[in-house]
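Here are my notes for you to read with the model open beside them. Take the points one at a time and find each residue as you go.

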Amino acid sequence: MYKAQLVLQKILCFAAIVVCGVAFLYSLGLMTDLYDGLYWTIPNAAKLDSTRVPGSQVYYYMQDFNKALLNSSIGLLLAACLLFITSTHSRRRYYIGNAVSTFLFAGAGTAMSVWTHLEVESYKAQFLQIDFETYLKQAERRRQTYIDSTFWFDVHYVVCALILIVCVLLVANYFWKLHLMRAEKRLIEQGKEALA
């Protein structure tokens, strides 16, 4: 039983690193389409009201969130590295450091997922309020990129779900490990009693 649990905990620790990488790449890609499609609509960034397309200011409104998302994904990656620093990926018995690293990652990952979901949904709603008819006319006239896809907004469902799944499995693995450690301790105590 321990062998299966050890394999699972190693897989989960590597999965934590992978989902952090996915979150990091998502934070880099989130603004790509918006930059290509909306940057040209505002000739003067100091005066957001100077937009050629009503609603296109969402590109500038999202800048601070995108920076925070990038920093959060790096922070989550560091929390995932802590799983390896405390040998959570390979330790047969867990100690306080393993509990701290597991719950730190799970808490940070859950908080980041919920925050990301709420923010992205809010900005998606703002994006959908763009005057797409004017936007299309302006894009054709100026031979610029026209983007009406919500792909990068929608991908956050996958990213957040992956992070949450790894968080839940890490916590479940922790409690399975505790159960196995207690069972092993009982067996050792029974063996000592039998020898006495």
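1. In which helix is Thr 102 found? Thr 102 sits in helix α5, residues 96–127. Helices here are DSSP runs of H or I with at least four residues, numbered from the N terminus. Before you go on, keep in mind that this is a predicted model, where local features need pLDDT of at least 70, side-chain atom pairs count only at pLDDT 80 or more, and totals for chains, interfaces and linings use all residues. Residues are numbered from 1 along each chain as its sequence is written, and side-chain values use heavy atoms, with hydrogens and water left out.

2. Is Thr 102 buried or exposed? Thr 102 is buried, because its relative accessible area is 1%; buried means under 20%, exposed over 50% and partly exposed in between, with a 1.4 Å probe and protein chains only. Not counting residues up to four places away in sequence, Thr 102 touches Leu 83, Thr 88, Leu 170, Val 171 and Tyr 174 (contact means heavy atoms within 4.5 Å).

3. Now look at how α5 packs with helix α1, residues 2–29: the angle is about 25 degrees and the axes are 13 Å apart. Axes are lines fitted to C-alpha atoms, for helices over the stretch in contact, and angles run from 0 to 180 degrees between N-to-C directions. So α1 and α5 are roughly parallel to each other, a label for angles under 35 degrees.

4. Which residues make that contact? From α1 come Ala 16, Val 19, Cys 20, Ala 23 and Tyr 26, and from α5 come Phe 105, Met 112 and Val 120. Sorted by type, the contact of α1 with α5 has eight nonpolar residues, no polar and no charged ones.

5. Helix α6 (residues 132–142) has Tyr 135, Gln 138 and Ala 139 as its buried residues. They lie on the same side of α6 because they cover an arc of only 100 degrees around the axis, taken from the directions from the helix axis to the C-beta atoms. An α-helix has 3.6 residues a turn, so residues three or four places apart point the same way. The exposed residues Glu 133, Glu 140 and Arg 141 are on the face of α6 turned away from its buried side. The cover over the buried residues of α6 includes α2 (32–38).

6. Last stop: Asn 173 in helix α8, residues 156–195. Asn 173 counts as buried because its relative accessibility is 2%. Leaving out residues up to four places away in sequence, Asn 173 touches Gln 5, Leu 8, Gln 9, Leu 12 and Tyr 94.

Conventions. Helices (H or I, at least four residues) and strands (E, at least two) are DSSP runs, numbered from the N terminus. Angles under 35 degrees count as roughly parallel, over 145 as roughly antiparallel, 65 to 115 as roughly perpendicular and the rest as oblique. Ala, Val, Leu, Ile, Met, Phe, Trp, Tyr, Cys and Pro count as nonpolar, Asp, Glu, Lys and Arg as charged, and the others, Gly among them, as polar.
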